[in-house]
Amino acid sequence: MRSRSEVLETAVLGLLNESPLHGYELRKRLNLVLGSFRAFSYGTLYPALKALVLRGLIATTETDPLPPPPRRTKAGIPGRTPKPKPLGRRRVVYELTTEGKEYLQTVLASAGPAAWEDDNFDVRFALFAQTDAETRLRVLEGRRSRLTERLETFRQAAAHPRSRLDEYALELQRFGLERVEREVHWLDSLISTERGRAAAQNRPPQQEQTKKERG
């Protein structure tokens with residue numbers, strides 16, 4: 001199982017692979033795209049960014065702050081020049097280095113058990129657009145296998161309770177079972193779609209044309 005810091009690292013590199021971002025924008029993207037990262041704060045994100053910079057996976061540049069919006073002038077004291085409003089702090093923009101892109105591709109090409117865990121799967125799925133088709137399918141199938149095992153555990157616990165559960169504990173158990181069942185059905189649909197795309201890409205052109213003519 002990968003640590004939460006490693007999962008955050010993958011998420012940051014994946015987002016920066018799409019475009020350079022400054023810290024505030026990056027945190028907003030993490031919260032928007034990866035809901036499971038809502039608990040991460042600035043105190044967690046910025047040490048992770050610093051570590052990635054030290055490893056040469058990302059680089060930083062500074063940009064000039066945006067000028068303040070124009071203020072309505074008021075009648076001042078004759079002979080006195082209004083004091084200009086100071087500009088804000090320079091913004092630090094983070095971007096992926098060549099080494100960072102190579103490292104990210106290595107991570108996204110992996111499809112072992114670590115890619116199927118709850119937090120890491122969410123991140124990997126969010127970055128599926130940057131992942132090759134074969135790896136996507138392996139990750140989805142692995143996740144489905146893991147959840148099928150979990151589903152069987154839920155069903156056995158429901159059928160043979162070790163102790164008498166109150167109504168709230170039973171509801172929680174039922175909720176967990178239904179949630180896993182829904183995700184398994186969702187994964188079945190995704191796997192079917194990925195396999196269909198792979199079959200279409202591997203179909204000979206002549207066979208594809210014949211199929212269209214029959215349709």
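Modeller: Two strands are taken as paired if DSSP finds at least two bridges between them. Helices (H or I, at least four residues) and strands (E, at least two) are DSSP runs, numbered from the N terminus. This is a predicted model, in which local features need pLDDT of at least 70 and side-chain atom pairs count only at pLDDT 80 or more, while totals for chains, interfaces and linings use all residues. Residues are numbered from 1 along each chain as its sequence is written, and side-chain values use heavy atoms, with hydrogens and water left out.

Colleague: In which element of the protein chain is confidence highest?
Modeller: The predictor's confidence in each residue is its pLDDT, on a scale from 0 to 100. The protein chain averages 83, and 77% of the residues score at least 70. The lowest mean, 58, belongs to helix 8 (residues 205-214). The highest, 97, is found in helix 4 (residues 98-108).

Colleague: In what order do the elements of the protein chain run?
Modeller: There are eight helices and three strands in the protein chain. Read from the N terminus on, the elements run α-β-α-α-β-β-α-α-α-α-α.

Colleague: In what order do the three strands form the open sheet?
Modeller: The pairing of the three strands is antiparallel. Strand 2 is joined to strand 3 (residues 91-96) by six bridges, and strand 1 is joined to strand 3 by two bridges. Strand 1 (21-22) and strand 2 (58-63) are the edge strands, each pairing on one side only. The order in the open sheet is 1-3-2.

Colleague: Which residue in strand 3 is the bridge partner of Thr 60?
Modeller: For Thr 61, the bridge partner in strand 3 is Val 93. For Leu 21, the partner in strand 3 is Tyr 94. The bridge partner of Thr 60 in strand 3 is Tyr 94.

Colleague: What angle does the direction of helix 1 make with that of strand 3?
Modeller: A contact means heavy atoms within 4.5 Å, and helix 1 (residues 4-18) packs on the sheet by touching strand 1, strand 2 and strand 3. Axes are lines fitted to C-alpha atoms, for helices over the stretch in contact, and angles run from 0 to 180 degrees between N-to-C directions. The direction of helix 1 and that of strand 3 make about 95°.

Colleague: Why does His 22 count as buried?
Modeller: His 22 lies in strand 1 and touches Arg 91, Val 92, Val 93 and Tyr 94, not counting residues up to four places away in sequence. Buried means under 20% relative accessible area, exposed over 50%, and partly exposed in between (1.4 Å probe, protein chains only). His 22 counts as buried because its relative accessibility is 9%.

Colleague: What distance separates the C-alpha atoms of Leu 45 and Gly 23?
Modeller: Leu 45 is part of helix 3 (residues 42-54), and its relative accessibility of 2% makes it buried. Not counting residues up to four places away in sequence, Leu 45 touches Leu 8, Val 12, Gly 23, Leu 26, Arg 27 and Leu 30. Leu 45 and Gly 23 are 22 residues apart along the chain, and their C-alpha atoms are separated by 8.3 Å.

Colleague: The side chain of which residue is joined to that of Arg 143 by a polar contact of 2.9 Å?
Modeller: Arg 143, in helix 6 (residues 133-159), is buried, with a relative accessible area of 3%. A polar contact is a pair of N or O atoms within 3.5 Å; within protein, one must be able to donate a hydrogen and the other to accept it, and residues adjacent in sequence count only if both atoms are side-chain atoms. Among the residues that Arg 143 touches are Trp 116, Glu 117, Asp 118 and Glu 183. The side-chain partner at 2.9 Å is Asp 118.

Colleague: Is Ala 198 buried or partly exposed?
Modeller: Ala 198 has its place in helix 7 (residues 167-202). Its C-alpha atom and that of Leu 137, 61 residues apart along the chain, are separated by 9.6 Å. With a relative accessibility of 28%, Ala 198 counts as partly exposed.
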